[in-house]
Amino acid sequence: MFLLCTAIQAQNDQNFRLQGQVTYLEKPLPDASVLVEGTKRGTLTDDGGFFSIQVKPGDRLVISRVGFRPHTVRVSEKDTAMTIAMDDYSESLDEVTITAKKSSDTLQFAERLDYDFRLRDGSILNPKRSASLIHYMGNEELKKRSAAGLPELLGGRFSGVVFDLKSNLLFIRGVPAYYIIDGVQFAYPPAINFEDIIHLFILKQEKAVAVITKFNPQYREKLFKQRQEKLLNKNIYTADDQARGSLQAITELSADLPDRMEQLKAEAYIQQQADQHLAAIENYEEIFKQRPTYAQSYRDLANAYLEAGKYDRAWRLYMAYVFNHELENQEGIGEILYSEMEWLYFNKLQASKIKQTFEPIHENKKDFERDIRLVFEWTDSEAEFELEFVGPDQRVFNFEHSYRANSELLQKERSMGSSSKEFSIEDLGDQEWLVNLTYLGNNKSTPSYLKVTTYYDWGKPTQFSEVQVFPLEKMNLKWQLLKLSSNVRAQQVSR
């Protein structure tokens with residue numbers, strides 16, 4: 001926690017107005033609660049993270065926000081302005097055991113109740129083991145509700161729970177309720193998106209509303225353990241293919257993209273193709289700052305660190321992704337993430353400074369190895385295309401990335417902010433494999449850009465990779481994208 005105070009002329013016991021800003025990772029943090037401890041005097045930070053509050057020397061300010069560690073600051077007579085940098089719960093990553101075991105995809109009701117809440121008097125209440133009268137609302141029900149805030153939402157919904165319009169307070173059995181949100185206590189509820197709430201409990205005897213959001217470390221750990229099986233569904237193709245379509249070489253970027261983030265990503269693709277890893281990192285870091293909620297931002301920057309040999313940074317960012325995004329999309333970013341985490345675990349264990357207990361999907365390094373790993377990435381979520389894998393035995397596998405064929409997948413990608421897909425060929429054999437592509441459009445007048453990374457001998461000591469970047473412009477034309485051959489591998493290994 002970093003605290004910067006600006007000294008001015010001393011003020012004795014006189015009240016004065018304190019100006020300040022709350023930040024996270026050097027960016028403004030809106031909707032943070034700033035409360036004078038022991039009083040009802042408080043405020044919320046605005047969109048710029050700024051706040052203004054009446055204080056006197058000796059007051060203690062409690063700064064809190066859902067998903068962040070609460071912080072207490074003592075006001076001195078020399079303070080008139082301050083900047084407070086918040087910490088999230090990422091330090092708890094080192095204490096978590098990451099597994100890939102099979103488990104239920106749905107929380108049972110008893111498991112929903114199994115959370116510890118610290119009450120106002122310091123005691124701990126666990127709804128699963130409590131005899132208190134407790135009302136429960138889940139995420140599906142909350143998403144259907146519309147209200148200005150939690151007090152209005154809950155008032156009148158249960159007996160003894162009343163919303164007073166004049167004071168804007170929620171009363172439980174005649175007493176103003178207090179709120180426990182992800183372990184942080186509030187006299188007044190902060191602004192919160194109802195869709196972010198996973199579990200809500202009304203603790204009637206304790207006169208409290210307890211909330212678990214999707215940012216809660218306990219919830220993330222449970223969800224991660226339950227959904228590891230989704231990462232087991234790899235796309236392994238052992239069939240050979242027959243060549244189809246015509247070769248169309250597209251080798252350079254020519255369009256000036258209007259979207260700055262897409263332009264940065266396309267530039268990073270080209271930089272990675274040219275082995276300019278540090279330049280690519282700069283672009284991905286800028287994208288991460290602008291799109292901190294996108295799953296793809298985590299993976300792209302982590303992978304750039306990995307390719308540049310910054311293995312410990314890569315691991316930490318992969319872990320941050322695990323705790324900031326639900327692993328719902330088994331066909332996309334989740335499998336890519338876990339493949340690269342396994343690679344670090346099997347090949348760079350010490351250099352990655354892995355502190356967590358990590359249980360890989362594959363039992364050993366040999367089972368993890370593949371002849372070919374293909375990672376497809378594209379610059380924007382609207383890109384639609386069809387991939388065709390063709391080989392010597394006449395068998396063909398098609399993957400269509402379009403709303404027509406796979407709308408659920410594309411909707412999940414958009415909600416998560418992901419745009420990538422991986423495939424593996426376990427045994428390349430002695431003959432050629434071909435990958436054809438048909439571009440179906442992106443609802444824009446400018447092209448999308450596709451990066452394809454081919455890893456030969458994935459996970460083996462002889463592993464090497466090739467990055468190719470393609471502008472996608474001509475629609476509904478099938479063309480040969482890749483030719484995969486053991487000859488390429490043999491030539492590289494012999495160097």
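Student: What makes up the lining of the second largest pocket, by residue class?

Tutor: In this predicted model, the lining divides into 15 nonpolar, eight polar and three charged residues. The pocket has a volume of about 660 Å³. Among its 26 lining residues, L35, T39, F186, A187 and Y188 are the closest to the centre. Strands β4 (33-36), β5 (42-44), β7 (60-64) and β18 (184-186) each give two or more residues to this lining.

Student: Why is the pair of Y311 and W343 called tilted?

Tutor: The ring centres are 6.3 Å apart, and pairing needs them within 6.5 Å. The planes stand at 45°. Stacked needs under 30 degrees and edge-to-face over 60, so this pair is tilted. Y311 lies in helix α8 and W343 in helix α9, so the pair ties together parts 32 residues apart in sequence. Both residues are buried.

Student: What makes the pair of F399 and F423 edge-to-face?

Tutor: Their planes are at 70°, and the cut-off is over 60, so the pair is edge-to-face. The centres lie 5.6 Å apart. F399 sits in strand β25 (residues 396-401) and F423 in strand β26 (residues 420-425).

Student: How do you know whether F399 and F423 are buried or exposed?

Tutor: Buried means under 20% relative accessible area. F399 has 7%, so F399 is buried. F423 has 1%, so F423 is buried too.

Student: Which residues do ring pairs link into a cluster?

Tutor: The cluster holds Y311, W343, Y345, F346, F368, Y455 and W458.

Technical notes
Residues are numbered from 1 along each chain as its sequence is written. This is a predicted model: local features need pLDDT of at least 70, side-chain atom pairs count only at pLDDT 80 or more; totals for chains, interfaces and linings use all residues. Side-chain values use heavy atoms; hydrogens and water are left out. On a 1 Å grid over the protein atoms alone, a cavity is a set of points where a 1.4 Å probe fits but cannot get out, and a pocket is an open set with protein on both sides within 12 Å along at least five of seven lines; lining residues have an atom within 4 Å of a point. Grid points are joined across faces, edges and corners, and a volume is the space filled by probe spheres set on the points. Helices (H or I, at least four residues) and strands (E, at least two) are DSSP runs, numbered from the N terminus. Ala, Val, Leu, Ile, Met, Phe, Trp, Tyr, Cys and Pro count as nonpolar, Asp, Glu, Lys and Arg as charged, and the others, Gly among them, as polar. Rings of Phe, Tyr and Trp (its six-membered ring) pair if their centres lie within 6.5 Å; planes under 30 degrees apart count as stacked, over 60 as edge-to-face and the rest as tilted. Buried means under 20% relative accessible area, exposed over 50%, partly exposed in between (1.4 Å probe, protein chains only).
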